[in-house]
Amino acid sequence: MSEAWTTAHIPDQHGRVAVVTGANTGLGFETAKALAERGASVVLAVRDIEKGERAAARMSGEVTVQALDLTSLDSVRAAARALRSRYDRLDLLINNAGVMYTPKRKTADGFEMQLGTNHLGHFALTGLLLDLMLPVSGSRVVTVSSTGHRIRAAIHFDDLQWERSYGRAGAYGQSKLANLMFTYELQRRLASHGTTVAVAAHPGLSSTELVRNSPAAVRLPLTWLAPLITQTAAMGALPTLRAATDPAVLGGQYYGPGGRLQIKGHPQLVTSSAQSYETAVQQRLWTVSEDLTGVTFPVARSQQNPSPSGPAIAR
């Protein structure tokens, strides 16, 4: 597609059910709003029900709210049970919610806050809902990563929860790298099913509340320079929306802004860091994530691939 991709390219979504995490504000709000406007039945999966209801009131179409606190596996399981009681199918699961550069804190289950929220909570939610998606042709799991997956990023299996030392940027980078590795490994496991695919996206540098926990040395310059270097949340949501709805999208792909350094612009197919494609690390992270969350997926184990040179691509 040579022309700039916008919400006008979203196909009709009537009859589709979409769950969007963190949909009361920012990127999640814009993602959910666009899907609802195109006819999808959209569930705003949010921690604060009151804020979720206010967000829903600002959207048109069929929009409901579901309590979900990704920092608590009990809440994730309760949300999954509630959704399963209301729906017998799920077309889109958009793992959008996240935290960034938080002070050193732990989730209710003892996980480092950024890894627990951004990766482990979404890993568990996906595993608990995936069997609602597998029978649905064209269903997609879209997980939102970040260019931060390249910054001081690695999967620290020897100190996954940052107990020995803690760095906000490194912990964030690890969680966003985990989002991509989860997507690529999930796609590898889904490939034989031929119905559901896993896709990743990132918003570039968008003007949202996500930077509120950043150190002042980072936050203040971003505030001053925002009009020049950032794009709106509506623009930042476009890569997620394209990953979720473009009929040409393939499993294992990664979408982001097409401008210089992927900072801003209309969504295009992009690539992630070389280490994000390391199959052995993806598979080890998967096993560790299952152990930590107690959630296993209704899909087969992936095949070992000793030479990962790029994303797993399958329809």
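Visitor: At 14% relative accessibility, does Tyr-101 count as buried or exposed?
Guide: In this predicted model, the relative accessibility of Tyr-101 is 14%. The cut-off for burial is under 20% relative accessible area. Tyr-101 therefore counts as buried.

Visitor: Where is Tyr-101 found, and what is its phi?
Guide: Tyr-101 is found in the loop between β4 (92–95) and α4. Most residues other than glycine have a negative phi. Tyr-101 is a residue other than glycine with a positive value, its phi being near 55 degrees.

Visitor: What is the phi of Trp-162, and in which loop does Trp-162 lie?
Guide: The phi of Trp-162 is positive although the residue is not glycine, with a value near 55 degrees. Trp-162 lies in the loop between β5 (140–144) and α5 (168–190).

Visitor: Why does Trp-162 count as buried, and what is its relative accessible area?
Guide: Buried residues have under 20% relative accessible area. Trp-162 is buried because its value falls under that limit. Its relative accessible area is 10%.

Visitor: Is Thr-296 buried or exposed?
Guide: Thr-296 lies in the segment after α9 (279–293). Its relative accessibility is 57%, and a residue over 50% is classed as exposed. Thr-296 therefore counts as exposed.

Visitor: What distance does α1 reach from its first C-alpha to its last?
Guide: At 1.5 Å a residue, the expected value for α1 is 16 Å. The span in the model is close to that expectation. From first C-alpha to last, α1 reaches 17 Å.

Visitor: Which residue with a positive phi follows α1?
Guide: The residue that follows α1 has a phi near 105 degrees. That residue is Gly-39.

Visitor: How are α1 and α8 oriented to each other?
Guide: The axes of α1 and helix α8 (residues 238–245) come within 9 Å and cross at roughly 45 degrees. The contact joins Glu-30, Thr-31, Ala-34 and Leu-35 of α1 to Thr-240, Leu-241 and Thr-245 of α8. Their crossing is right-handed. Given the angle, α1 and α8 are therefore oblique.

Visitor: How are α3 and α4 oriented to each other?
Guide: The axes of helix α3 (residues 73–86) and helix α4 (residues 113–129) come within 10 Å, with a crossing angle of roughly 30 degrees. Residues of α3 including Val-76, Ala-80 and Leu-83 meet a set in α4 that includes Ala-124, Leu-125 and Leu-128. The crossing of α3 and α4 is right-handed. Since angles under 35 degrees count as roughly parallel, α3 and α4 are therefore roughly parallel.

Visitor: What share of the protein's residues count as buried?
Guide: The protein contains nine helices and eight strands, and has 315 residues. Its accessible surface comes to about 13100 Å², with 51% belonging to carbon and sulfur atoms. The share of residues that count as buried is 57%.

Conventions. Residues numbered from 1 in each chain as written. Predicted model: local features only at pLDDT ≥ 70, side-chain atom pairs only at ≥ 80, totals over all residues. Heavy atoms only, no water. Helix = DSSP H or I, 4+ residues; strand = E, 2+ residues; numbered from the N terminus. Buried < 20%, exposed > 50% of the residue type's maximum accessible area, 1.4 Å probe, protein only. Areas by Shrake-Rupley, 256 points an atom, 1.4 Å probe, with all protein chains shown as cover. Expected span 1.5 Å × (residues − 1). Axes fitted to C-alpha atoms, helices over the stretch in contact; angles between N-to-C directions. Parallel < 35°, antiparallel > 145°, perpendicular 65-115°, else oblique. Left-handed = near helix turned anticlockwise from the far one by under 90°. Contact = heavy atoms within 4.5 Å.
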